[in-house]
Amino acid sequence: MPQASMVANEIPPQATTFFPTVSVIVPIYNGETDLPGLIQCLLGQTYPAERVEYLLVDNGSCDRTPHILQESVVQAQSAGLTFKHLSETHIQSAYAARNTGIRAATGEILAFTDADCYPAATWLESLVQGFQDSEVGLCVGEVTALPGNTWLERYAERKNIMSQRDTLAHPFCPYGQTANIAIRACAFEKIGLFRPYLTTGGDADICWRLQRDGGWQLHYAETATVQHHHRTSFKELYKQWYRYGRSNRYLHQIHGIKLTRPLMPREIRYSLARWLVKELPVEFIKVLTGKAEPIDLAMTPISLYCFRARTRGQRESQLPENAKEIARLDND
């Protein structure tokens with residue numbers, strides 16, 4: 001297998017004159033809470049209206065999502081923009097929904113984000129500039145946190161949990177999360193689409209296939225930002241990190257990446273003891289003197305909680321046989 005390409009160099013700042021046709025694809029499942037904010041962000045994009053279409057793919061929602069999407073199509077039309085309401089009800093998977101969008105897309109570039117993401121006004125304009133290099137097939141934008149008030153939101157923000165810098169530094173091969181990436185439409189002809197039955201890890205899989213099988217380079221568009229909601233409850237945080245563990249297992253079985261080593265009980269005891277004896281008193285004084293925030297008192301135990309969830313997800317998961325399937329452009 002060929003080696004992964006290096007991340008392409010940053011495009012020098014200049015006046016924007018490069019506007020390829022773009023199809024923005026968003027998979028949505030029960031998104032009534034987040035959709036209104038996303039739609040306003042899409043309506044506010046600086047990208048030329050005649051050069052972009054927005055494909056909103058409902059993945060079998062049972063809330064008000066279909067109604068909101070229908071209204072958004074009318075709202076966009078009155079603003080001179082193209083919104084299309086699509087449906088994917090055969091397979092319950094965000095990757096299958098993205099494939100539905102890919103097959104309906106007409107743009108040279110396909111940009112992806114999620115229903116719980118709020119793109120900056122210049123997101124799309126900044127994201128596509130890397131494609132001026134003909135060897136770039138994948139552009140990865142940055143994901144930042146929406147300001148939050150709960151301790152768990154502050155924890156995720158402090159740890160930069162969704163930052164693409166972490167995924168771009170993956171030891172196997174760099175990749176970007178589908179919350180903020182763009183791909184040349186022609187690239188799918190060779191490597192295929194997303195694995196439709198995969199439930200997690202599909203963003204890494206598609207990016208790795210683009211680079212290792214397709215021979216495309218990756219460009220990091222740091223100024224193309226979207227803001228993302230972080231979890232507000234321990235239950236949701238646990239599910240998130242458990243899913244990260246499942247993703248590790250699936251990618252291990254598909255690509256042979258190394259699994260994350262679980263912490264030994266003595267390592268956990270040592271970390272907690274060090275936190276109680278050394279870290280907690282120091283951080284408490286910093287909080288009292290205004291040099292730290294209250295969340296700094298709990299960083300270590302929350303991190304151990306997340307690590308435990310990821311370890312269990314990795315240990316208890318097994319890749320379903322149909323999740324190995326790669327969809328093709330000519331599939332029904």
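Reader: How many residues has helix α11, and what span does helix α11 reach from its first C-alpha to its last?

Author: This is a predicted model, in which local features need pLDDT of at least 70, side-chain atom pairs count only at pLDDT 80 or more, and totals for chains, interfaces and linings use all residues. Residues are numbered from 1 along each chain as its sequence is written, and side-chain values use heavy atoms, with hydrogens and water left out. Helices (H or I, at least four residues) and strands (E, at least two) are DSSP runs numbered from the N terminus, and the expected span of a helix is 1.5 Å times one less than its number of residues. For α11, residues 299–316, the expected value is 26 Å, and the helix has 18 residues and reaches 26 Å.

Reader: Which residues of α11 are buried, and what covers them?

Author: Buried means under 20% relative accessible area, exposed over 50%, and partly exposed in between (1.4 Å probe, protein chains only). The buried residues of α11 are M299, T300, I302, L304, C306, F307, A309, T311, G313 and Q314. Their cover, judged by contact (heavy atoms within 4.5 Å), includes α5 (151–159), α9 (234–255) and α10 (265–288).

Reader: How many disulfides does the structure hold?

Author: A disulfide is a pair of cysteine sulfur atoms within 2.5 Å. The sulfur of C41 has its closest cysteine sulfur in C117, 9.8 Å away, which is too far for a bond. C306 is in no disulfide either, as the nearest cysteine sulfur, that of C117, is 19 Å away. The number of disulfides in the structure is zero.

Reader: What kind of aromatic pair do F112 and F194 form?

Author: Rings of Phe, Tyr and Trp (its six-membered ring) pair if their centres lie within 6.5 Å; planes under 30 degrees apart count as stacked, over 60 as edge-to-face and the rest as tilted. The structure holds ten aromatic pairs. In one of them, the centres of F112 and F194 are 5.7 Å apart and the planes stand at 80 degrees, so the pair is edge-to-face.

Reader: Is F194 buried or exposed?

Author: The relative accessible area of F194 is 1%, and therefore F194 is buried.  The charged end of R98 sits over the ring of F194, 5.9 Å from its centre; this requires NZ of Lys or CZ of Arg within 6 Å of the ring centre and within 35 degrees of the ring normal. With its relative accessible area of 1%, F194 is buried.

Reader: Which residues form one aromatic cluster with F234?

Author: The rings of F234 and Y305 have centres 5.3 Å apart and planes at 85 degrees, so they are edge-to-face. This pair links helix α9 to helix α11, across 71 residues. The residues that form one aromatic cluster with F234 are Y238, Y242 and Y305.
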